[in-house]
Amino acid sequence: MSIKGIKRWAAAGALFFWSFAAWAEYKLNLQTPHTLLGEKIYDLHTIITAICFVIFIGVFGFMFYAVFKHRKSVGHKAAQFHENTAVEVAWTLIPFVILIAMAVPATGTLVTMRDTSEADLTIKATGYQWKWGYDYLKGEGAGISFYSTLSTPRAQIEGTDVAGRNANPNYLLETDNHVVVPVGKKIRILTTAADVIHAWYVPALAVKQDAVPGFIRDTWFKAEKPGIYRGQCAELCGKDHGFMPIVVEVMEPAAYTAWVGSQQKKIAAAKVDPNKSWTLDELKAHGEKVYAQNCVACHQATGMGVPGSFPALSGSKVVDGPKADQIKLLLAGKQGTAMASFKHLSDADLAGVITFTRNNWSNKTGEAVAPAEIKAARN
Amino acid sequence: MDAAHTHSHDHGHDDHGHKPSGIMRWVKSTNHKDIGTMYLWFSFCMFLVGGVMALIIRSELFQPGLQIVRPDFFNSMTTYHGLIMVFGAIMPAFVGFANWLIPMQIGAPDMAFPRMNNLSFWLLPPAALLLIAAQFMPGGGAGVGWTMYAPLSTQAGPAMDLTIFAVHTLGISSIMGSINIITTILNMRAPGLTLMKMPLFCWTWLITAYLLVAVMPVLAGAVTMTLTDRHFGTHFFNAAGGGDPVLYQHIFWFFGHPEVYIIAIPAFGVVSQVIPAFSRKPLFGYASMVYATASIAILSFMVWAHHMYTAGMPVEAQLYFMYATVLIAVPTGVKVFNWVATMWKGSLTFETPMLFALGFLFLFTLGGFTGLVLSITPVDVQLHDTYYVVAHFHYVMVAGALFSAFAGIYFWLPKWTGRMYNETLGKWHFWLSLVFFNVTFFVQHFLGLAGMPRRIPDYALQFTEFNMISSIGAFGFGLSQLLFLYVVIKCITSGEKAPDKPWEGADSLEWTHLPTPAPWHSFETPPVIK
């Protein structure tokens, strides 16, 4: 072989291996599991896919042999045989046996998957249109409670900041508050929802569980390694179904304890003195934040809503009308519409957001709603 | 009474051989061939409408970010793409085949209830208009998914009511069509044509018709409960009033899983006619094919909750549904083995119908295997509601049902029109469809495995490349179907004259006992089958 020939082969070989490297960047399989159960599921999937692949090659080996050898154009004459009891019994029984061989390991894995007993930490995940709420119920950190909302800037989604989107490795998979859990501990997740069905799905932790309004479901995971694991809502839940991610941050036990401490301090600091008297501007400023977290997805930053789907607040009869009616609407929601009850928000949050809407955009009532009024309306 | 009876009887006799001209021929048609033709054209129109919706979805998903449509509209597109393709395109296509072929294959002059046949077709266009009109209701179409899960569906705008009414109408049409098919097959077979001598296509439709009669009322019940929850104060699916949202899913999938086979079984029937014809060899195991089809139909009632592994169920129920689902692979395997054994040692030729039947066999089996992967509960929990599922059911629905429908169209087009289609263009249609179908859907397996949820208008950056590939494939696939339209129109208008039996190996009555094109009333006197 000439030198030129060798060079050409070497180049071809390099290209060949380079193409493998390029493919490696594409995800062709399940995400790398980070729990023992996830590894079991990963292996189960590999085994079943492999069995299917072998059968596929076998069956279509026959078919393609016939396609090439038993064709009329090569002069093959058709045999006229049909029906053969031995063959037919064999191809009924053999698949049956293979299926049993698949079902046995699947049964073990399924039973493990559904055993949510003896959890070290229990967290309730509540699906809202369109964010997640978390309440730490039992175990270290019980009492911590927060919402977790998409933190990807709207500009990146809407396309006014494409450069920012392309530079963002966690585009659509980032939240303002992470679900923080300790490593190596069994975490039980209770799922429920406030409005429609959502699903809590984190692929690397091998969990997916529907969150059904009015019912509690559960699932569990035990992370083997500290790290940040990202997932999304998996059940169609309306307009912003694609925009309510889940971020789980797994920490070493010491770091987790420190996180719990900081959260508890935050809770204590955030506890607003119920007797504090707010000025209109303070309420408005507080309400603007609440609005951004809870209302903006439907009623929009402009207060104009989405015509036909979500009513405008700017110039709305309710917002410009008596405050008692607006308070009632926020506490009770409106049956048969996407307007859910927001009674889970604090008195200060509700007072703030109502004051904000009544004194923003084209609304100029000049009225402040005090937290005490919300408290009174609750009873 | 007597006089009136005699009069209408006479009138009926006068009608024989007479057909109104112009548009009234179609509006008032009681002829199984005309009605079959209308079903097929209606189905193709809906296929184009649903296809445009698919292309809107794929355009938005070409790259990350929201470029072309708003999330609300995107959800509406996924919803109506599904509803229109399932109820408007695939199901009517196979009812069209049933109308055209069943009387010809069993030696009958027409369907048993010609007037009901007319009504069951003419209910479809209003239903389709309702689905399209839903897009223009305040708030746009209902973005609830074709499964219409409560309580999202109780929350949706007025478009949901139109959709519910459309589903009711489509259901009535299907039930009437099924009653007609069952009656025709059971009562109108030629002397000597016992059930176990019928062409397999008739067998598959007999079984499918029973499935339809059994489950369409269940779907009607589910959407009626949604309707009363929306407007009449009931709480079937509302926990606050003592109901349960998951109840809807149980009812829906009790309809939904047999529905999968309502679509697939007639497709099996078409393929079981085409493969022996082009292998010039009888179907390997006729009886076992009949039993396998019946087993699949019966099993399909017992596996519905495998669509709901993540909805919350006792572990025992999950185990049961996993075992029952896995079991379906046995009769399905029997069918695939039978088709391959039919080809074995045949004398094969590869005209367009055979190519589509082989495309069906290869890709439907692939879809069956991903179905087997999904039946394993712990694996399904990972893949449920991801693009893996989207890829799986498009292999079954598009490469399965649609390819089989194409095979059937090319196979029977000469008998229907009296003219041959252009073989070269037909083959182009096949190869383009095959390649672009796989470009579109094969990569979606990888997206699902990597964790991309379905029904999202925007996605994380790591999913970009495969989504781009899939979108390019979708446009290629969509455009290839315009070639199909061209081939069919060219065949009808200027195709070569077809002989009575253009396919050497075809052996059912429409080929052996009827001229080409088939006469207006297929068999005036029944043939005698020995």
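Colleague: How many helices and strands make up the secondary structure of chain B?

Modeller: Chain B has 19 helices and zero strands, where helices (H or I, at least four residues) and strands (E, at least two) are DSSP runs numbered from the N terminus. The model is predicted, so local features need pLDDT of at least 70 and side-chain atom pairs count only at pLDDT 80 or more, while totals for chains, interfaces and linings use all residues. Residues are numbered from 1 along each chain as its sequence is written, and chains are lettered from A and ligands numbered from 1 in the order in which they are written.

Colleague: What radius of gyration does chain B have?

Modeller: The radius of gyration, taken over C-alpha atoms, is compared with a globule rule of 2.2 Å times the number of residues to the power 0.38. A compact globule of 530 residues would come near 24 Å, and chain B, with 23 Å, agrees. The C-alpha trace of chain B spans about 60 × 60 × 45 Å along its principal axes.

Colleague: Which residues touch the most other members of the largest nonpolar core?

Modeller: In soluble globular proteins, nonpolar side chains tend to be buried together. A residue is buried if 20 or more other C-beta atoms, placed from the backbone, lie within 10 Å of its own, exposed if 12 or fewer, and partly exposed in between. A nonpolar core joins buried Ala, Val, Leu, Ile, Met, Phe, Trp, Tyr and Cys residues through C-beta atoms within 7 Å. The largest one here has 268 residues, and B:Ile90, B:Val271, B:Val274, B:Ala357, B:Phe360 and B:Ala407 touch the most other members. Helix H16 (residues 387-417) of chain B contributes the largest share of this core, 22 residues. Contact requires C-beta atoms, placed from the backbone, within 7 Å; leaving aside residues up to four places away in sequence, B:Ala357 touches B:Val271, B:Val274, B:Ile275 and B:Ala407.

Colleague: Which residues of helix H6 of chain B are buried?

Modeller: An α-helix has 3.6 residues a turn, so residues three or four places apart point the same way. In H6 (residues 124-133) of chain B, the buried residues are B:Leu124, B:Ala127, B:Ala128, B:Leu130 and B:Leu131. Down the axis of H6(B) they fall within an arc of 155 degrees, so they line one face of the helix; the arc is that of the directions from the helix axis to the C-beta atoms. They pack against helix H3 (32-60), H4, helix H5 (114-122) and helix H8 (159-187) of chain B.

Colleague: What is found in the loop between H6 and H7 of chain B?

Modeller: B:Pro151 is found there, joined to B:Ala150 by a cis peptide bond with omega about 0 degrees. B:Met148 is found in that loop too; although not a glycine, B:Met148 has a positive phi of about 50 degrees. B:Met148 is buried, with 23 other C-beta atoms within 10 Å.

Colleague: How many bridges join strands S6 and S7 of chain A?

Modeller: Two strands pair if DSSP finds at least two bridges between them. Five bridges join S6 (residues 198-202) to S7(A), and the strands run antiparallel. A:Trp200 has A:Gln209 as its bridge partner in S7(A). Five of the five residues of S7 (residues 207-211) are buried. A:Val207, A:Gln209 and A:Ala211 point one way, and A:Lys208 and A:Asp210 the other.

Colleague: How many residues does each chain give to the contact between chains A and B?

Modeller: The contact takes 80 residues from chain B and 80 residues from chain A. H13(B) gives the most to the chain B side, with eight residues.

How values were computed
Two residues are in contact if their C-beta atoms, placed from the backbone, lie within 7 Å.
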